[in-house]
Amino acid sequence: MSVKIVMLVFFYRFPVLAQNQDQGVIHVDVNLVMVDATVKTKSGQVMADLKKNDFELREDGVAQEIAVFSRDELPLNVALVLDLSDSIGPFLGPLRDAARTALAALKPEDEVALFTFSTEAELRVRFTKDKSKIAEQINTFHAGGATNINDGIFVAAKYLLGAPPKGRRVIILISDDVGTSAGGQGTADIVTESIAADAVLYNLKIPGYNPAGTLFAASMVPGLVNIRKVMDQTGGEIFDVQDVAHLDASFRALIARIKTRYTLGYYTKADAAAGKPHKLDVRLASSFGKKGHDYVVLAKSGYYIH
């Protein structure tokens, strides 16, 4: 069987409490490392029936006992980062409708925050469980200005870093990915901030209105964020919308992909030396074949205790 795993890693450092099933909240030990894994075949089919014993997890080469295992039970914190530059103007209408239906598929306890960027990035709506509030805000926007993707992602990651750790953290970048301004943060800083925030970057790449001259000018701007590198480092994926008619379906598929995930946790014996990296390796049991041959693992490969 050929499968692909997209894995996100979270390290929590707050006191021990038991899981509260009624409220959908889990409080974990300072030594509990949480790992999010989305599993799919190479053809893109989500595998929704894997069990705890189907996974193996190693830290620094040492096998770990999986103490926590669940599927889409913890709350989801989504930072929606919306491109409002000139090139997106013609596509805002369909995007508003797509956001309304896609966000409605989230669980009641999931929270969404809304950010926008053009020449500058800003927080529009703080975390809320009222998804309709997000859609209503999108309804009021008008496009205009440069495309400062760098600060759009960074500001969202910084916000997540400062927010209480309530659940899985995801940044969804909605853009045509044609940056025209490098802002104040480079790719390395964006990756560092995203990892520190325990956030994974997903990219809903939408078609934009970009004449040839605009594309050429954008290619000459130094310091533009390497979106692919940020996704690779955080364990995210791109959903490329070739036709605006498919926007709604693509957005809903992205939300479904985020929701279809497994949560694995293990108790680490690693010390808390500042900045010391620890390598992680998640794979399937031997019955699924050999990693890198019979299946592929796309994953964040380590974490820092901070």
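Contact here means heavy atoms within 4.5 Å. This is a predicted model: local features need pLDDT of at least 70, side-chain atom pairs count only at pLDDT 80 or more, and totals for chains, interfaces and linings use all residues. Residues are numbered from 1 along each chain as its sequence is written, and side-chain values use heavy atoms, with hydrogens and water left out.

**Exercise 1. Describe how H1 and H7 pack, and classify the residues that meet**.

Step 1. Locate the helices (DSSP runs of H or I, at least four residues, numbered from the N terminus). H1 covers residues 92-103 and H7 covers residues 247-259.

Step 2. Take the geometry. The two axes (lines fitted to C-alpha atoms over the stretch in contact, with angles from 0 to 180 degrees between N-to-C directions) come within 9 Å and cross at roughly 35°. The crossing of H1 and H7 is right-handed, that is, the near helix is turned clockwise from the far one by less than a right angle.

Step 3. List the partners. H1 brings Pro 94, Leu 95, Asp 97, Ala 98, Ala 99, Thr 101 and Ala 102. H7 answers with Leu 247, Asp 248, Phe 251, Arg 252 and Ile 255.

Step 4. Sort them. Eight are nonpolar, one is polar and three are charged. Nonpolar covers Ala, Val, Leu, Ile, Met, Phe, Trp, Tyr, Cys and Pro; charged covers Asp, Glu, Lys and Arg; the others, Gly among them, are polar.

**Exercise 2. Decide how H4 and H6 are oriented to each other**.

Step 1. H4 spans residues 187-196 and H6 residues 227-234. Their axes lie 10 Å apart, at an angle of about 30°.

Step 2. Angles under 35 degrees count as roughly parallel. H4 and H6 are therefore roughly parallel to each other.

Step 3. Check the residues. Thr 187, Ile 190, Val 191, Ser 194 and Ile 195 in H4 meet Lys 229, Val 230, Gln 233 and Thr 234 in H6. This contact holds four nonpolar, four polar and one charged residue.

**Exercise 3. Find the largest nonpolar core and its main supplier**.

Step 1. Such a core is a set of buried (under 20% relative accessible area, 1.4 Å probe, protein chains only) Ala, Val, Leu, Ile, Met, Phe, Trp, Tyr and Cys residues joined through side-chain atoms within 4.5 Å.

Step 2. The largest has 33 residues. Leu 80, Ile 172, Ile 174, Leu 204 and Phe 251 have the most contacts inside it.

Step 3. H1 gives the most to this core, with six residues.

Step 4. Inspect Ile 174. Beyond its neighbours within four places in sequence, its contacts include Leu 80, Leu 95, Leu 204 and Phe 251.

Note on methods:
Helix = DSSP H or I, 4+ residues; strand = E, 2+ residues; numbered from the N terminus. Parallel < 35°, antiparallel > 145°, perpendicular 65-115°, else oblique. Buried < 20%, exposed > 50% of the residue type's maximum accessible area, 1.4 Å probe, protein only.
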